[in-house]
Amino acid sequence: MWQDLWSELHPQGLEIVTVAVDAAGMDAAGPWIAKASPRHPSVIDRSHLVDALFGIVNVPSGVWIDEAGTIVRPPETAYPRRPSFLDRAIPPDASEADRERIGLVKALTVDAEAYVGALRDWVRNGAESHYALPPDEVLHRSRPRPLGEAGAPAHFAIAQALHAEGATRDAVAHFREAHRLHPTNWTYRRDAWSLAGPAREEIYRTGWVEEVKKEGVESYYPRLRL
Amino acid sequence: MIFRSPEVAAPEFERVTGWRLKPEGLCREDRCVPFVPSHPPSVDVALAAKALGMPLVHDAGHDLWALGAEAGGRALASATAPDFELPDHRGSTLRLSSLRGQKVLLVAWASW
């Protein structure tokens, strides 16, 4: 997905590192990586460490880091091109449930053109770029992390370890606790749902449509502030 | 950030959390937090959790301890990028700090 942009911007000094936040590791992410054949670094993050470290709560999210290792833009929605789901038509014979789901997906706020334009500007102009934020603004825009939410990464990490060891029932209790503590972290929810497979509805008694309606579309992909 | 023992060697604690035990305390990038280990050079995970302001979750049934994120402020306590080491798709590992000197776009994605 990022290979084309890497080919364009790597000669100008940009490295792209993709991080697969997949509790199932290479079993889940491997086929996608093989298909993309990335020439840039592509790492696997089974316990969603980058959520805890950077405040990432959804995918795809991008963080800009300058040559000195300083973050100049905190996590924000990052698509390399306009996603096809924004233009998806609702089939005339779609069920009410499908209509609602597609309608919600189309209402998500994604501005890939503006994001990539800003990225090109930063690669060209560095610290002089209007889009490279000073450290105090980076911290100001970084997500608040109240005490309650801070325990969620620990429960997710334990859940992932237990699931990998086959203790799936015990893992679910920790996944649920991570969801309860940090309801707007969509990587915790969607990865756990994915691991549950067809049993997801029975285990978690909720789904994407219900949770997005509850938390609000703006919470899923907050509007880009360039 | 998961451990299989309540007390771990300092290098293991650093490998998992990025926080290095130094004479002045636990340090990561440009920050140090006062910390005196009870049994140096090991790190008591519960004491470290308290010093770092991170919740500690213990699963007694499976003897697992996990540290949460730093609490009470913002997700980023400093604009210096937190370092990490993760396996890549070829079986090697990548340390983020090894890319210093280049601009980096870090992108989180998922298969699900």
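In chain B, strands β3 and β4, the latter covering residues 25–28, pair in the antiparallel sense over three bridges, where strands are DSSP runs (E, at least two residues) numbered from the N terminus and two strands count as paired if DSSP finds at least two bridges between them. The model is predicted, so that local features need pLDDT of at least 70 and side-chain atom pairs count only at pLDDT 80 or more, whereas totals for chains, interfaces and linings use all residues. Residues are numbered from 1 along each chain as its sequence is written, with chains lettered from A and ligands numbered from 1 in the order in which they are written.

Within this pairing, Lys22(B) has Gly25(B) of β4(B) as its bridge partner. Both strands belong to an open, antiparallel sheet of three strands in chain B, ordered β3-β4-β5, in which β3 (20–22) and β5 (31–33) are the edge strands, each pairing on one side only.

The contact between the chains, with residues in contact if their C-beta atoms, placed from the backbone, lie within 7 Å, takes 70 residues from chain A and 46 residues from chain B. On the side of chain B that touches chain A, at least two residues each come from β7 (56–59), β8 (64–67), β9 (85–87) and β11 (103–109), and β11(B) gives the most, with seven residues. Strand β1 of chain A (residues 14–20) is joined to β11(B) by seven bridges, and the two strands run parallel; in this arrangement, Ala20(A) stands opposite Trp109(B).

Definitions and conventions
Two residues are in contact if their C-beta atoms, placed from the backbone, lie within 7 Å. Helices (H or I, at least four residues) and strands (E, at least two) are DSSP runs, numbered from the N terminus.
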